[in-house]
Amino acid sequence: MSAPKELSVFGEDYGTSELKFGPATLGNIPDVIENRGYFPDTRSSMVRMTGGPDKKLLVVGPDVSNFVEAKRDIAERMVYPMRSGVIDRDDDRSWSVVKELTRYALLRHVPDSPGFEGVKAVAALSAAAPRFMYERLFDIHRELNQEEGRKVVKAVSVIPQPFAVAISQKVLACTVLEAGAGNVQIAPVSSGMIFNALITLNRAGGDCDLVAAEILRDAGYGDLAREPKLVKLFKESLGLVPKSLKDVMADKSNPKYGAVFRVPNTRISIDLDKNSWQRFLIGEYFFDPSNEYFSSYYRRGFPKPADSYAEGRLVSGTTDMAEVIIQSVQKCSFEIQPALYRSIFLSGGGFSWQVPQGMEGSAVDSSTKLKLMLEAKGIQGVNVTLTKNPVYNVWQGCVAYGMYIPDDFTWDWDEREGWQYLDR
Ligand SMILES: Nc1ncnc2c1ncn2[C@@H]1O[C@H](COP(=O)(O)OP(=O)(O)OP(=O)(O)O)[C@@H](O)[C@H]1O
Ligand SMILES: [Mg+2]
């Protein structure tokens with residue numbers, strides 16, 4: 001009995017902060033769990049009494065929150081396996097978290113019915129992921145079949161996240177910017193990834209959280225600034241991208257910038273008052289942390305985003321985003337450069353900045369910001385599009401890829417494409 005194709009194709013997007021997963025039948029929106037695992041203290045009496053995590057040595061999924069408050073040694077026991085999308089080869093704890101997350105994801109959806117032959121899983125990793133991460137993911141799926149004693153997964157493919165985005169947009173030649181919590185991948189695509197033009201910028205949503213925390217501290221909310229989840233929420237609701245930071249700063253006390261953030265389901269509210277204009281710093285930092293304003297931040301010890309390397313050349317973590325796009329596109333043949341500027345796609349939660357009503361003119365969305373930045377550098381014919389489901393289109397691309405490529409297209413290490421069958 002063979003299952004319908006939509007059920008048998010399963011997408012897995014391994015983001016730094018969240019794993020997005022599920023079969024093609026889910027349509028546009030996948031399931032999501034935090035990309036983290038908790039190693040409980042199995043000697044704890046509470047854990048034993050409550051039957052706790054089933055004497056499990058590692059917990060993933062919603063159960064993790066049961067442990068968050070209770071433990072003082074949380075930093076040691078909570079493992080976020082990916083740093084900017086990458087895991088070291090010998091980081092066993094992180095790899096075991098990835099394995100349990102993968103098991104959790106698959107077992108939630110894959111039917112345990114006689115005759116079911118297993119799903120075809122398409123996993124997406126950061127474009128910067130080295131070969132051994134691909135190998136490890138293949139192994140993890142193979143081991144899961146063995147441990148579950150049945151064919152949960154029939155075949156696996158692993159593709160780079162920006163390539164998945166290009167597939168989801170159905171455009172042959174384009175430049176994809178994928179920004180999540182940890183980094184931005186700037187990736188020209190022309191039928192496939194142009195790997196030697198890939199640049200990974202070591203800053204993204206998580207760095208904006210640091211700016212947001214700094215603003216909270218400055219405004220006298222030092223206690224709240226220590227709670228990462230609250231800071232992230234504050235950033236997502238009040239953070240803005242300025243059309244021009246200079247213009248905002250020339251008009252700092254404009255009352256329309258004012259805003260109060262009420263923490264859902266609590267009595268906490270945050271009023272930035274006369275510092276409200278600083279909301280714009282949060283978004284500006286994402287696009288241009290080299291803006292002069294931030295030099296005072298760095299002087300007082302605010303951490304600069306780390307540098308990265310592309311083809312052996314240093315890319316400063318503070319390079320403005322338009323500059324990085326230009327550097328990346330210039331590594332491609334001049335013939336396709338116009339096409340690469342003509343179709344720039346923005347994907348990932350890191351680009352999801354909103355323009356609240358009444359703020360038009362001062363605040364802009366990500367695509368407008370980048371278009372303005374590129375045009376200021378003399379690049380014409382630019383089209384920047386924020387993808388429709390920025391947080392989910394890597395997963396959507398995984399599923400589309402799995403539906404599209406033929407069964408007999410077997411894995412090829414040179415192309416890094418195709419199906420690796422687990423029984424061969
Ligand atoms: N409305 C919003 N405004 C600003 N930032 C947002 C918004 N919504 C989500 N984000 C940010 O997007 C980031 C998460 O994006 P995403 O889910 O694409 O990351 P990820 O896939 O888990 O990680 P990565 O792609 O780095 O491996 C977080 O930093 C989050 O705060
Ligand atoms: Mg992502």
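Strands S2 and S3 (residues 31-34) are paired in the antiparallel sense over four bridges. Here helices (H or I, at least four residues) and strands (E, at least two) are DSSP runs numbered from the N terminus, and two strands pair if DSSP finds at least two bridges between them. The model is a predicted one, in which local features need pLDDT of at least 70 and side-chain atom pairs count only at pLDDT 80 or more, while totals for chains, interfaces and linings use all residues. Residues are numbered from 1 along each chain as its sequence is written, and chains are lettered from A and ligands numbered from 1 in the order in which they are written.

Within this pairing, Glu18 stands opposite Glu34 in S3. S2 also has a partner in strand S1 (residues 9-14), to which five bridges join it, again in the antiparallel sense. Gly11 is found opposite Gly22 in S2, and a hairpin of three residues links S1 to S2. Is S2 buried or exposed? Five of the six residues of S2 (residues 18-23) are buried, so this strand is largely enclosed by the rest of the structure. A residue is called buried if 20 or more other C-beta atoms lie within 10 Å of its own, exposed if 12 or fewer do, and partly exposed in between, with C-beta atoms placed from the backbone.

Among the buried residues are Arg279, Glu284 and Phe287. The cover over H12 includes helix H8 (205-218), helix H10 (228-238) and helix H14 (321-329), where contact means C-beta atoms, placed from the backbone, within 7 Å.

The domain assignment gives domain 1 (5-163 + 392-421) and domain 2 (205-304); such bounds come from an automatic or database assignment. Their C-alpha centres lie 34 Å apart. Where does ligand 1 lie? Both domains give residues to the shell around ligand 1, so it lies between them. This shell holds 22 residues, the closest being Gly15, Thr16, Gly180, Gly205 and Gly349; a residue is near if its C-beta atom, placed from the backbone, lies within 6 Å. H8 and H10 are the elements that give two or more residues to the shell.

Helix H10 is also the place of Lys232. With 19 C-beta neighbours inside 10 Å, Lys232 counts as partly exposed.

Conventions
Two residues are in contact if their C-beta atoms, placed from the backbone, lie within 7 Å.
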